[in-house]
Amino acid sequence: MGKKKEKKKVGKTKKKEQKVSKRGGGSAKQLKSEIKRLEKEIRKRDDLIRKLQKRSAPKASKEVASDDTADLLHSQRNESIAVVQRRAWERHQYLRQQYEQHLEENNPATTARRLANRDLIERFGDAAGYSAEELLDILS
């Protein structure tokens, strides 16, 4: 009777292993090849982002460099969406607050937008700045 029980245990173990492999457990070699494939795909996307930004962004009006944007996207990937959105909302509120403050100081709207953007960059860093067109869209 002991041999029958052992055969049953072996059979159950094999079934469990098959289930795990079907769920994507995979071997270490398969996982490494999948990681390499995904990293290659990420590099291709980063290159595409840089090329598109170089084509579309005017050189003088944009404060954010294309390399910084790709790095920003990578850092955001590790953060939760809620955290990223909260930070963006904080920057937006600060920009609007500074804009209104500069307007109250009797600065013209264009100057107030530029000064508010400068304040935003000073507080949150270069990556937080906007181009003149973006400021017009945001603060109009």
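User: Which residues form the positive surface patch?
Analyst: This is a predicted model, in which local features need pLDDT of at least 70, side-chain atom pairs count only at pLDDT 80 or more, and totals for chains, interfaces and linings use all residues. Numbering starts from 1 along each chain as its sequence is written, and side-chain values use heavy atoms, with hydrogens and water left out. The positive patch consists of Lys5, Lys8, Lys9 and Lys12.

User: Is Lys5 buried or exposed?
Analyst: Lys5 is in helix 1, residues 2-22; helices (H or I, at least four residues) and strands (E, at least two) are DSSP runs numbered from the N terminus. Buried means under 20% relative accessible area, exposed over 50%, and partly exposed in between (1.4 Å probe, protein chains only). With a relative accessible area of 55%, Lys5 is exposed.

User: Which residues are linked in a network of salt bridges?
Analyst: A salt bridge needs a side-chain nitrogen of Lys or Arg within 4 Å of a carboxyl oxygen of Asp or Glu. Glu41 pairs with Arg37, their closest N and O atoms being 3.5 Å apart, and with Arg45 at 2.9 Å, N to O. Glu41 and Arg37 are 4 residues apart in helix 2 (residues 28-56); Arg45 and Glu41 are separated by about one helical turn, because they too lie 4 residues apart in helix 2. The network links Arg37, Glu41 and Arg45.

User: What is the N to O distance in the salt bridge of Asp47 and Arg50?
Analyst: Asp47 and Arg50 are 3 residues apart in helix 2, so about one helical turn separates them. Asp47 is partly exposed at 42%, and Arg50 is partly exposed at 24%. Their side chains meet in a salt bridge with an N to O distance of 3.6 Å.

User: How many salt bridges does a search of the whole structure find?
Analyst: The chain searched has 6 helices and 0 strands. Across the whole structure, the number of salt bridges found is 5.

Notes: Patch = residues over 30% accessible without salt bridge, like charges linked within 9 Å, V, L, I, M, F, W, Y side chains within 5 Å. Areas by Shrake-Rupley, 256 points an atom, 1.4 Å probe, with all protein chains shown as cover. Lys, Arg positive; Asp, Glu negative; His and termini not counted. Charge placed at Lys NZ, Arg CZ, Asp CG, Glu CD.
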